[in-house]
Amino acid sequence: MTFSNLKLIKPLVLALDKKGYSEPTPIQEQSIPHILSGKDIFGCAQTGTGKTAAFALPILQLLESKKDQSKPRTIKALVLAPTRELASQISDNFLAYGHNLGISHCTIFGGVSQLHQVTALKRGVDVLVATPGRLLDLINQGYIKLNHVEHFVLDEADRMLDMGFINDIKKVIAKLPTKRQTLFFSATATPSIMKLANTILHNPVSVSVTPFSSTASLITQTVYYVKKENKRLLLKHVINNGKIEHALVFTRTKRGADKVAKDLNSMGVSAEAIHGNKSQGARERALKGFKNRSIRILVATDIASRGIDVDKLSHVINYEIPEQAETYVHRIGRTGRAGEAGVAMSFCTSEEMTYLKDINKLIKKNIEVVSTHPFN
Ligand code: AMP
C-alpha cells in the first residue's frame, strides 16, 4: 500500500516523501479513504500510530479541492486538542504536509500572550488548531467565528474528558455548523467517550488500531523492584550501565519531576523537567533541548508529556508506576514508534505492586522482572 493508492494528491505525496514516509500506517490506511469521501470517523488510536497524519492529510486535500468555491482565510477546519504540546505538534504536521499547498493555519493555546495569536487570526486562517480554553476565550472576545467550519477534529477525546474539558467541548460544538464532517479520536472507548461520540458524530465509520499489540513486539518491557529511597540511585545505574543516551522519565507529580531532574543533574546527567507549572517558554526550551539532544533526560508528568513526539526515542523509564494501567500504555507508546525498537523500564516499590498487577492484567502478560541490579 502506498499513499498514492489512497488517492492522495501529488503535493501531499511529495511532502510525505520528504518526511521519508513510504507507506501509510494502519490508521491512515483505514481512515483516509473514508475521510476523503466525507464520512464522520470514530477513531480508536493513540499517539504514535500516525493518527495526526490520518486526519491532517485528507483535510488538507479536501480544502485544496474546494479552494475555488470557498472563501480564503476563513476557518474551514478546526482541530481541538487537550494540551498546548499536542496542539503545536498537530500544527507542525499541517505545516509539514501542507507546505506545497497555499492553505494557512494557526495554533492557539493558553499560558502565553494572545497577541501573536490574535494577529494571525486577523490575517485569516483556513485551519485552526486550538486548545479549548483559549479557543472559547478568543471566541468570546470576538476574534474567532466558527460558522464556516466544515471539518471538525476532536483529538485525544479521552484525555480531554480526564482534564475536565467536557463543558468547554460542548460550548465549542454548540458554535459549529450542524452540517460538518466530524473526526473523533480517542485512545480508549469508555462509556463516557462513547456517549460523547454518539452526540456529535453522524453515521460514523469506526476505525480502530490496537497500538499495544502492534508495538508490543518492538518494545522490550522490564520492571525493577526497588525501595523508594533507592530509586534515584537505580535511575543513575540504569542510565550509566545501559549507556542510555536519551530517555523520557515519567513521574507522577510535578514536584517529583523537578526532584528527579535535580538529582540527575547533581549526578552529572543532564536533565530537564517538564510539567504544567513551568512556563510555556521553559517547556518549549526543554523539549527543544531534548529533541536536539543537548539534554539527555527529559523528566515529565503524564499531562505535560501528552503529545510529546520525539523521533527515535529509545527509552521510556517509569520512575513511578502510574495508578491507571492505561497510562502505562500511553507512556511506553512514546518509544517503539513507527516501527522503531524501544525499551520501557519501570521502577516498582512494594506500595506500587497493585498498580503493576493492573498493568500486567491490561497488557495480558507479566512484564519481565530484572533482579540483577544492586538496589534490590
Ligand atoms: P502520531 O500518532 O500522529 O503522533 O504520529 C507518530 C509518529 O509517526 C510521528 O513522529 C509521525 O511523524 C510519524 N508518522 C506518521 N505517519 C507515518 C508513516 N506513514 N510512516 C512513518 N512514520 C509516520
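This report covers the domains, the ligand site and selected residues of a predicted model.

## Basis of the model

The model is predicted, so local features need pLDDT of at least 70 and side-chain atom pairs count only at pLDDT 80 or more, while totals for chains, interfaces and linings use all residues. Residues are numbered from 1 along each chain as its sequence is written, and side-chain values use heavy atoms, with hydrogens and water left out.

## Two domains

The protein chain is assigned domain 1 (4–208) and domain 2 (219–369). These bounds come from an automatic or database domain assignment. The C-alpha centres of domain 1 and domain 2 are 29 Å apart. Their contact takes 17 residues from domain 1 and 22 residues from domain 2. Contact here means heavy atoms within 4.5 Å.

## The ligand site

The ligand lies between the domains, because domain 1 (4–208) and domain 2 (219–369) both give residues to its shell. That shell holds 16 residues, and the closest are Y21, Q28, G48, G50 and T52. By class, the shell has four nonpolar, seven polar and five charged residues. The classes are set as follows: Ala, Val, Leu, Ile, Met, Phe, Trp, Tyr, Cys and Pro are nonpolar, Asp, Glu, Lys and Arg are charged, and the others, Gly among them, are polar.

A backbone N or O atom of E23 is 2.8 Å from a ligand nitrogen atom. A polar backbone atom of T49 lies 3.0 Å from a ligand oxygen atom. For G50, a polar backbone atom is 2.7 Å from an oxygen atom of the ligand. On its own, the ligand has 490 Å² of accessible area, and the protein covers 89% of that. Accessible areas come from the Shrake-Rupley method with a 1.4 Å probe.

Helices (H or I, at least four residues) and strands (E, at least two) are DSSP runs, numbered from the N terminus. Buried means under 20% relative accessible area, exposed over 50%, and partly exposed in between, with a 1.4 Å probe and protein chains only.

H151 sits in strand β5 (residues 151–154). Its relative accessible area is 4%, so H151 is buried. Beyond residues up to four places away in sequence, H151 touches I59, L62, L63, K66, K76, A77, L78 and Q181. V149 belongs to the loop between α6 (132–140) and β5. V149 is buried, because its relative accessible area is 1%. Leaving aside neighbours within four places in sequence, V149 contacts I75, K76, L78, L176, P177, K179 and R180. V149 and K175 are 26 residues apart in sequence, and their C-alpha atoms are 9.6 Å apart.

## The loop between α9 and β7, and β7

L201 is placed in the loop between α9 (191–200) and β7 (205–208). With a relative accessible area of 12%, L201 is buried. L201 and D40 are 161 residues apart along the chain, yet their C-alpha atoms are separated by 6.3 Å. Not counting residues up to four places away in sequence, L201 touches D40, I41, F42, T182 and F184.

N203 lies in the loop between α9 and β7. N203 has a relative accessible area of 57%, so it is exposed. S206 is in strand β7. At 56% relative accessible area, S206 is exposed.

## Positive phi values

Most residues other than glycine have a negative phi. K7 is not a glycine, yet has a positive phi of about 65°. K7 is found in the segment before α1 (10–19). With a relative accessible area of 64%, K7 is exposed. N203 is also other than glycine, and its positive phi is near 45°.

## Helix α15

Helix α15 (residues 325–332) is largely enclosed by the rest of the structure, because seven of its eight residues are buried. The buried residues are A325, T327, Y328, V329, H330, R331 and I332.

Note on methods: Near = heavy atom within 4 Å. Polar contact = N/O pair within 3.5 Å; in protein donor to acceptor, adjacent residues only side chain to side chain.
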